Amino acid sequence: MNPPELIAQIPALRRYARALTGDAWAADDLVQDTLERACGKWRLWAVGTDLRAWLFTLMHNLHVSGVRQQLRRSAAFTAVDVDEAADELAAPDAAQDLALDLQRCLLQLPEEQRAVLLLVSLEDMSYEQVARITDTPIGTVMSRLSRARARLQALLDAPARGATSAPPSPHLKRLK
């Protein structure tokens, strides 16, 4: 493995990790884990094959393993629906302007659909490359991509919560 070749892949790995996790710290950890795994398993990479696809496969597998571990650990805890807690989690918008929140919508997609959508759209990978990375048939990749696009469009087109002007709370007074 040629170090400059590996280093050249880091921006794409960071971009994909950030989109996958939705968190800069978690994305940096995922990239670091991916690079550590790549350095530890460099003998498994066949010279002349697509280094980028191999690195993305490592990252994808690490991310899926991490998500599964989190699910096992949190099985004892009560799950909270993100949509139910959205009003509590949303930051107040001082200008009352409704902005598109693409990242929030992406994170609402199922993991399999989000991974395929990001690899095809963000990383400009072919269906064949995505199929190899996710270890799924090309038909499944195309199906997940289609469903992800449709779901993302529906999420983006949905009226934002709180878009209608709600009457002020009775215990709050408006100051001028």
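## Surroundings of Phe56

In this predicted model, Phe56 touches Ala12, Leu13, Tyr16, Leu119, Glu123, Met125 and Ile133, when residues up to four places away in sequence are not counted. Phe56 is buried, with a relative accessible area of 0%, and Tyr16, one of the residues it touches, is likewise buried, with a relative accessible area of 0%.

## The aromatic pair

The count of aromatic pairs comes to one. It is formed by Tyr16 and Phe56, whose ring centres are 5.2 Å apart and whose planes stand at 40 degrees, so the pair is tilted. Because Tyr16 lies in helix α2 (residues 10-21) and Phe56 in helix α4 (residues 51-73), the pair ties together parts that are 40 residues apart in sequence.

## The largest nonpolar core

The largest nonpolar core has 39 residues, and of these Tyr16, Leu55 and Phe56 touch the most other members. At least two residues of this core are supplied by each of α2, α3 (24-40), α4, α6 (102-108), α7, α8 (127-134) and α9 (138-157). The largest share, eight residues, comes from α4. In soluble globular proteins, nonpolar side chains tend to be buried together.

## The crossing of α2 and α3

The axes of α2 and α3 come within 8 Å and cross at roughly 130 degrees; the two helices are therefore oblique to each other, and their crossing is right-handed. On the α2 side the contact is made by Ile10, Leu13, Arg14, Ala17, Arg18, Leu20 and Thr21, while α3 contributes Ala24, Ala26, Ala27, Asp28, Leu30, Val31 and Leu35.

## Two buried glutamines

Gln9 lies in the loop between α1 (3-7) and α2, and it is buried, with a relative accessible area of 16%, a value that falls in this class because the cut-off is under 20%. Leaving aside neighbours within four places in sequence, Gln9 is in contact with Leu51, Arg52 and Leu55; Leu55 is also one of the residues that touch the most other members of the largest nonpolar core.

Gln113 is found in helix α7 (residues 111-122) and is buried as well, with a relative accessible area of 9%. With neighbours within four places in sequence again left aside, Gln113 is in contact with Arg144, Arg147, Ala148 and Arg151.

Key. Residues are numbered from 1 along each chain as its sequence is written. This is a predicted model: local features need pLDDT of at least 70, side-chain atom pairs count only at pLDDT 80 or more; totals for chains, interfaces and linings use all residues. Side-chain values use heavy atoms; hydrogens and water are left out. Helices (H or I, at least four residues) and strands (E, at least two) are DSSP runs, numbered from the N terminus. Buried means under 20% relative accessible area, exposed over 50%, partly exposed in between (1.4 Å probe, protein chains only). Contact means heavy atoms within 4.5 Å. Rings of Phe, Tyr and Trp (its six-membered ring) pair if their centres lie within 6.5 Å; planes under 30 degrees apart count as stacked, over 60 as edge-to-face and the rest as tilted. A nonpolar core is a set of buried Ala, Val, Leu, Ile, Met, Phe, Trp, Tyr and Cys residues joined through side-chain atoms within 4.5 Å. Axes are lines fitted to C-alpha atoms, for helices over the stretch in contact, and angles run from 0 to 180 degrees between N-to-C directions. Angles under 35 degrees count as roughly parallel, over 145 as roughly antiparallel, 65 to 115 as roughly perpendicular and the rest as oblique. A crossing is left-handed if the near helix is turned anticlockwise from the far one by less than a right angle, and right-handed if clockwise.
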